[in-house]
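Visitor: Could you walk me through how to read a structure like this one, feature by feature?
Guide: Gladly; let us look at it together.

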Amino acid sequence: MRKVNPLLIFILAIGVFGIITTEMSIVGVLPQIARKFEISTAQSGLLVSIFALVVAISGPFLILLVSGINRKLLLLTTIFIFAISNIFYAYTTHFEVMLIFRIIPAALHPLFFSIALVTAANLVPPEKSGRAVSKVFLGVTVGFALGVPLTSYLAEQFSLEIAFLFGAIVNAVAFIGILILLPSMPVKEKMSFGKQVGILRKTELWLNIGTVIFIFAAMFSVYSYFAEYLAKVTHMNGSSISIMLLIFGVIMILGNFLFGFLLQKNMLKTVILFPVLYLFVYLFVYYLGSYFVPMIFMVFIWGIVHSGGLIVSQAWLISEAKEAPEFGNSLFVSFSNLGITLGTSFGGWFISQLGIQQLIWSGFIFSLLSLVLILIKIKLFNSSIPSPSN
């Protein structure tokens, strides 16, 4: 096997970081976007939900359609579009144009994410593939931990233009790195369409997919309006909100390790535990939301629990897709983003109809629905609950 430049794995992680930052940094600057385009918070939330909806639609099927195309070309094309889109975010004066340039990169999002993980695994010996994949996947967590709050900070301290140009620069660095370091990767063997889509016949899989949708809806129906909630309910200023976003993101790293450990110990108990914890988190956030100091403490707890949704829901879905793990991962990307769309839209409706403080109940409802679906799955298929190992 050709010796791999260790920088290449790092560059792929930067690419994932750039894509996650592009997708989710909007969350931290929704108030500024609403002011810039003179629209409501619920309308600005479309920038989150439309991105997630397109990812949900394009996900697994686009991956199958391009199964014969050189992987390097696909990675370069995707990251280039993400860089260009950030430039449009920075300079457009029309909200409709910004929406269009949320749709275009969103369609390519699953390509980069899935191909980057597979590429990392293929670049190293089999015994090191897990470590390589985990390093690239770290770009997701760091995207939440640093990308979102840093974008919010740049927008608050400088301007929205500077904030979005940061995203463009990150993606441009990844583009140059992939162009120089990654060898050409023509596809030697296409994926079997029939074998992979065959897992969709499993009732157990669809119950797990439904759980993933509700978990992500529970997470993002409130998190998508995190900055707005802290501004209007807790009465934090822009600088304080940026710090809270940073704390929330960094603490997610700890949450990933914690829930990863719990999943290895007992996946079933951990999957049940997650929505229960989120129910309690939302209750405390609702009743303590107007108190500055208690909310700082709750942001720590909220960030730890929130991060668990990513790893718990992925493990739960993949446990029923072991026959076709790549297709299963694309289903996870697709349906988790469908959950984000559902949650963001539902949260926006709560804000417009009931007010920002009542937003918390949208997350509470989806957390409860995810718990109910998990319990139904256990009741119907108790004898075949899978182990946590992939």
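This is a predicted model: local features need pLDDT of at least 70, side-chain atom pairs count only at pLDDT 80 or more; totals for chains, interfaces and linings use all residues.

Visitor: Into which domains is the chain divided?

Guide: Domain bounds come from an automatic or database domain assignment. Here the chain splits into domain 1 (6-183) and domain 2 (195-380). Their centres, taken over C-alpha atoms, are separated by 20 Å. Contact means heavy atoms within 4.5 Å, and 34 residues from domain 1 and 32 residues from domain 2 take part in it.

Visitor: How many residues does the largest nonpolar core have?

Guide: A nonpolar core is a set of buried Ala, Val, Leu, Ile, Met, Phe, Trp, Tyr and Cys residues joined through side-chain atoms within 4.5 Å. Buried means under 20% relative accessible area, exposed over 50%, and partly exposed in between (1.4 Å probe, protein chains only). The largest core in this model has 126 residues, and those with the most contacts inside it are Ile33, Phe144, Phe164, Tyr223, Phe226 and Trp302. Helix α6 (residues 95-122) gives this core its largest share, 13 residues. Helices (H or I, at least four residues) and strands (E, at least two) are DSSP runs, numbered from the N terminus. Each of domain 1 (6-183) and domain 2 (195-380) supplies at least three residues to this core.

Visitor: Which residues does Phe144 touch?

Guide: Not counting residues up to four places away in sequence, Phe144 touches Ile20, Met24, Pro149, Phe220, Tyr223, Gly249, Met252 and Leu310.

Visitor: Why is α2 described as largely enclosed?

Guide: Count its buried residues: six of the eight residues of α2 are buried, so the rest of the structure largely encloses it. The buried ones are Leu30, Pro31, Gln32, Ile33, Ala34 and Phe37.

Visitor: Which residues make the nonpolar surface patch?

Guide: Patches are made of residues with over 30% relative accessible area and no salt bridge; like charges are joined within 9 Å, and nonpolar side chains (Val, Leu, Ile, Met, Phe, Trp, Tyr) within 5 Å. Accessible areas come from the Shrake-Rupley method with a 1.4 Å probe; for residues, only the protein chains shown count as cover. Leu150, Tyr153, Phe158 and Ile162 make a patch of about 390 Å². Ile162 belongs to helix α8 (residues 160-181) and is partly exposed at 38% relative accessible area.

Visitor: How many salt bridges does a search of the whole structure find?

Guide: A salt bridge is a side-chain nitrogen of Lys or Arg within 4 Å of a carboxyl oxygen of Asp or Glu. The search finds four. One of them joins Glu161 and Lys36, with the closest N and O atoms 4.0 Å apart. That pair links distant parts of the chain, Glu161 in helix α8 and Lys36 in helix α2, 125 residues apart.

Visitor: Which residues are linked in a network of salt bridges?

Guide: The network links Lys202, Glu320 and Lys377. Lys202 and Glu320 meet at 3.2 Å, N to O. Lys202 lies in the loop between α9 (193-197) and α10 (203-223) and Glu320 in the loop between α14 (292-318) and α15 (325-354), so this pair ties together parts 118 residues apart in sequence. Glu320 also forms a salt bridge with Lys377, with the closest N and O atoms 3.2 Å apart. Lys377 is in helix α16 (residues 360-380), 57 residues from Glu320.

Visitor: Are Glu320 and Lys377 buried or exposed?

Guide: Both are buried, and Glu320 has a relative accessible area of 6%.

Terms used:
Residues are numbered from 1 along each chain as its sequence is written. Side-chain values use heavy atoms; hydrogens and water are left out.
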